[in-house]
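Let's take a walk through this structure together. Have the sequence and the model side by side as you read.

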Amino acid sequence: MDRHTSYTYWANCLVFGPLFLVLESVGRVQGFAMGMGPNAAGEALFWQIGIAGSHRGQGHGKSLAAALIRGIRQQGGRRVLVTIAEDNLVSRRLFEGCAFACNTRLVAVGPIPCMADDIQAETLYGFDLPPEAKCSEWRV
Ligand SMILES: CC(C)(COP(=O)(O)OP(=O)(O)OC[C@H]1O[C@@H](n2cnc3c(N)ncnc32)[C@H](O)[C@@H]1OP(=O)(O)O)[C@@H](O)C(=O)NCCC(=O)NCCS
């Protein structure tokens with residue numbers, strides 16, 4: 001996961017506040033998830049999610065992801081986009097689960113364009129958001 005500057009996180013929170021979520025435990029931040037959008041086509045980017053190592057594998061990633069997707073829907077989003085590095089199996093499984101909870105499948109859109117800097121190659125994936133009533137156990 002790319003680490004951005006504090007300014008970038010602050011700016012994202014300022015503009016897309018409802019799509020900036022943190023996981024707190026005993027007064028400390030142990031995870032976050034953030035998104036951008038939706039754009040005019042109803043597409044929102046699920047930008048980043050991270051859970052502190054000590055808190056992984058306990059369902060917090062799923063809960064945060066479900067909450068963020070609920071937020072995207074509340075902001076009028078109809079489609080979730082996410083980029084995933086090919087070697088990030090956990091992230092891939094997490095988003096496959098998100099799509100499954102929405103009664104749909106994660107579909108590869110294609111590789112992200114070549115960037116000028118040296119970031120890791122990732123693939124863009126997407127899934128549509130159905131009406132709320134059609135979502136399953138993650139209560140996305
Ligand atoms: C990706 C990440 C946010 C998942 O958070 P988490 O709290 O550990 O995930 P959860 O416990 O909620 O599990 C969610 C799903 O991820 C998958 N998963 C979790 N741990 C896994 C593991 N060790 N191996 C394979 N899949 C795993 C499972 O599909 C799981 O769903 P399931 O329990 O219904 O099978 C966390 O691993 C992380 O912060 N990774 C580093 C940052 C990163 O790569 N972020 C994604 C790109 S921005």
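The paragraphs below turn to the ligand surroundings and then to some backbone details.

This is a predicted model, so local features are taken only at pLDDT of at least 70 and side-chain atom pairs only at pLDDT 80 or more, while totals for chains, interfaces and linings use all residues. Residues are numbered from 1 along each chain as its sequence is written.

Start at the ligand, which has 19 residues around it; Arg56, Gly61, Lys62, Ser91 and Arg93 come nearest. A residue is near a molecule if its C-beta atom, placed from the backbone, lies within 6 Å of it. Which elements supply at least two residues of this shell? They are strand 3 (43-51), helix 2 (60-74) and helix 3 (89-101), where helices (H or I, at least four residues) and strands (E, at least two) are DSSP runs numbered from the N terminus. Helix 3 gives the most, with 6 residues. By class, the shell has 6 nonpolar, 10 polar and 3 charged residues; Ala, Val, Leu, Ile, Met, Phe, Trp, Tyr, Cys and Pro count as nonpolar, Asp, Glu, Lys and Arg as charged, and the others, Gly among them, as polar.

Now follow the backbone into the loops. Between strand 2 (28-36) and strand 3 sits Pro38, and the peptide bond from Gly37 to Pro38 is cis, with omega near 0°.

Val26, in the loop between strand 1 (20-25) and strand 2, has a positive phi of about 45° although it is not a glycine. Val26 counts as exposed because it has 5 C-beta neighbours inside 10 Å; the cut-offs, with C-beta atoms placed from the backbone, are 12 or fewer others within 10 Å for exposed, 20 or more for buried, and partly exposed in between.
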